[in-house]
Amino acid sequence: MWLPCGCASKCVVASLSRRVFRSYFHVLGGRRHNIAAFMPESAGFEGVSDCSALQEFSVSNSESFWAAAARQRLSWISPFHTVQDCDLSRGRIKWFEGGKLNVSGKIIFTSNQLVRPRGSLISPYRQLLEMTCRLGNLLRRHGVKRGDCVTIYMPSCPLAVASMLACARIGAAHNVVFAGFSAEALAERIRDAQSSTVITVNQGVRGGKLTELKKTVDTAVQSCPTVQQVFVAMRTENPVAMTAKDVAMEEEMQKEDVVCEPAAMDSEDVLFLLYTSGSTGKPKGLVHTQAGYLLYAALTHRYVFSYHDGDVFGCVADIGWITGHSYSVYGPLANGGTSVLFESTPIYPDPGRYWEMVQRLKINQFYGAPTAIRLLLKYGNQWVHKYDRSTLKTLGSVGEPINTEAWEWYHTVVGDGRCPVVDTWWQTETGGICITPRPSNPDAEIVPGMAMRPFFGIKPALMDTEGEVLTSNHTSGALCIAQPWPGMARTIHNNHQRFIETYCQPYPGYFFTGDGAYRSKEGYYQITGRLDDVINVSGHRIGTAEIEDVVNQCSQVAESAVIGYSHNIKGEGECNSVNLF
């Protein structure tokens with residue numbers, strides 16, 4: 001099942017929990033605030049009457065809050081006996097110990113049929129379940145076992161989602177690598193993850209152009225002695241040369257049973273690795289585990305975006321990034337949702353691409369990056385007004401702070417002034433959204449260009465240069481988080497000491513994010529940028545040392561230096577200074 005050239009897929013995907021909950025945001029819009037209806041697990045929280053009180057309770061009574069949420073929201077094979085065992089100063093983070101579950105869960109059948117409305121591919125839950133099970137059985141037959149790590153190098157498509165879920169179903173971790181990375185970058189991540197199995201496609205299609213993904217994999221695995229097999233699916237009809245390690249994935253999947261027994265995984269077993277740049281040249285393989293990550297992705301997806309059952313959620317991030325993991329795949333699936341996978345670019349075939357998709361698929365929540373918003377703003381309003389966007393209810397921004405001009409255009413033109421804009425701050429390390437204007441009480445203001453409020457269970461802290469907590473408002477400092485939360489990364493793969501040194505030692509007892517922030521006189525948070533030697537290009541963090549390492553591999557380069565500079569569209573760009581022999 002593949003997407004037509006350059007299109008989005010409306011993938012009606014699987015529920016990862018037994019229960020599908022109604023969204024209760026409409027209750028808060030009435031005359032009386034009913035917080036128990038808004039969030040059912042809060043019914044037993046004494047003194048909690050609105051969103052502000054619920055956030056305070058979630059911080060001051062962290063164990064009670066997260067225990068109730070985990071029991072209500074996740075489908076447990078065996079219940080947990082310990083809510084948390086965490087010590088940030090030592091880098092020990094454990095949630096819901098004793099519990100067993102499977103993230104791929106029990107996939108709910110829906111009656112939707114497979115159709116192709118103007119280039120979309122609708123994949124019902126039952127079909128996704130069959131794909132997941134067939135692929136899970138195929139991986140098992142080829143020796144992939146619990147605890148292995150499978151590298152996935154694919155564009156955003158239903159089969160890529162099924163590949164992630166198939167790994168989760170049999171107990172293997174997945175390592176999704178953005179399908180725009182070079183062979184060298186891919187090889188580095190395969191080697192670090194020690195993957196023996198890679199899943200890819202023959203070609204990618206983006207913005208009307210073909211990319212030779214299989215050839216990139218062929219080059220990469222030449223320097224990856226651990227790789228024993230490469231599963232190759234056909235994204236296009238163009239034939240591709242196969243090697244002795246290659247397996248024709250779709251052909252072999254048809255030989256497998258449609259039933260695949262899910263493995264009972266411990267809450268703290270590894271779910272996936274995802275590599276992100278740091279201030280050194282080597283990317284960090286951040287480790288996320290099963291229960292805590294899934295719970296946090298589910299709650300943030302539902303409450304930040306006011307997701308209701310039956311809504312169509314449109315996150316246009318690639319699955320190779322954490323945003324795609326949490327808000328194209330796991331968050332929507334955990335809530336029994338409909339998720340749109342986007343494989344094109346914002347301006348192909350024209351600058352109305354997003355809004356045509358909103359009209360055609362009747363998207364209710366749209367989640368994109370400031371880079372794209374700034375780009376589309378320059379093409380004028382006509383491309384937006386050309387399409388019906390009346391189904392939109394919430395607009396989201398992710399990846400970097402959104403400037404006021406772009407925020408105003410997004411809100412006024414795209415959202416017709418009626419859709420709240422949720423500017424979200426979070427990282428690969430956090431697993432999900434940490435600071436955002438919503439959820440909040442219905443009359444709470446939203447300030448353009450500010451992430452504003454911490455999510456449930458998040459306690460931000462600003463630190464000064466002496467390592468002391470800044471308690472006053474109208475002040476700036478290093479942004480830390482004062483207590484653990486279930487969605488946070490547990491370690492760096494094969495290098496826990498680096499995890500401790502990067503996130504736990506700079507401010508002992510606090511999680512250091514690497515970002516700076518300003519807290520306004522009203523107590524709202526605004527992200528001011530990176531504090532380390534990392535630049536943010538189009539919402540993606542790139543370590544300057546990583547770029548320098550690549551440049552220095554050229555035999556004619558004696559030394560190089562990379563710095564960031566302001567860019568009107570991308571937020572930041574990189575400037576190279578090179579000395580030659």
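Analyst: Helices (H or I, at least four residues) and strands (E, at least two) are DSSP runs, numbered from the N terminus. The model is predicted: local features need pLDDT of at least 70, side-chain atom pairs count only at pLDDT 80 or more, and totals for chains, interfaces and linings use all residues. Residues are numbered from 1 along each chain as its sequence is written, and side-chain values use heavy atoms, without hydrogens and water.

User: Why is strand β22 called largely enclosed?

Analyst: Buried means under 20% relative accessible area, exposed over 50%, partly exposed in between (1.4 Å probe, protein chains only). Six of the seven residues of β22 (residues 475-481) are buried, so the rest of the structure largely encloses this strand.

User: How do you know that β20 and β22 pair?

Analyst: Pairing requires at least two DSSP bridges between two strands. Strand β20 (residues 460-463) and β22 have four, in the antiparallel sense. Met463 stands opposite Ala478 in β22.

User: What makes β22 and β24 a pair?

Analyst: Six bridges join β22 to strand β24 (residues 511-519), again antiparallel. Here Gly477 stands opposite Ala517 in β24.

User: Which elements each supply at least two residues of the lining of the second largest pocket?

Analyst: They are α3 (51-60), β20 and β21 (469-470). The largest share, five residues, comes from α3.

User: What makes 17 residues of that lining nonpolar?

Analyst: Ala, Val, Leu, Ile, Met, Phe, Trp, Tyr, Cys and Pro count as nonpolar, Asp, Glu, Lys and Arg as charged, and the others, Gly among them, as polar. By that scheme the lining has 17 nonpolar, six polar and five charged residues.
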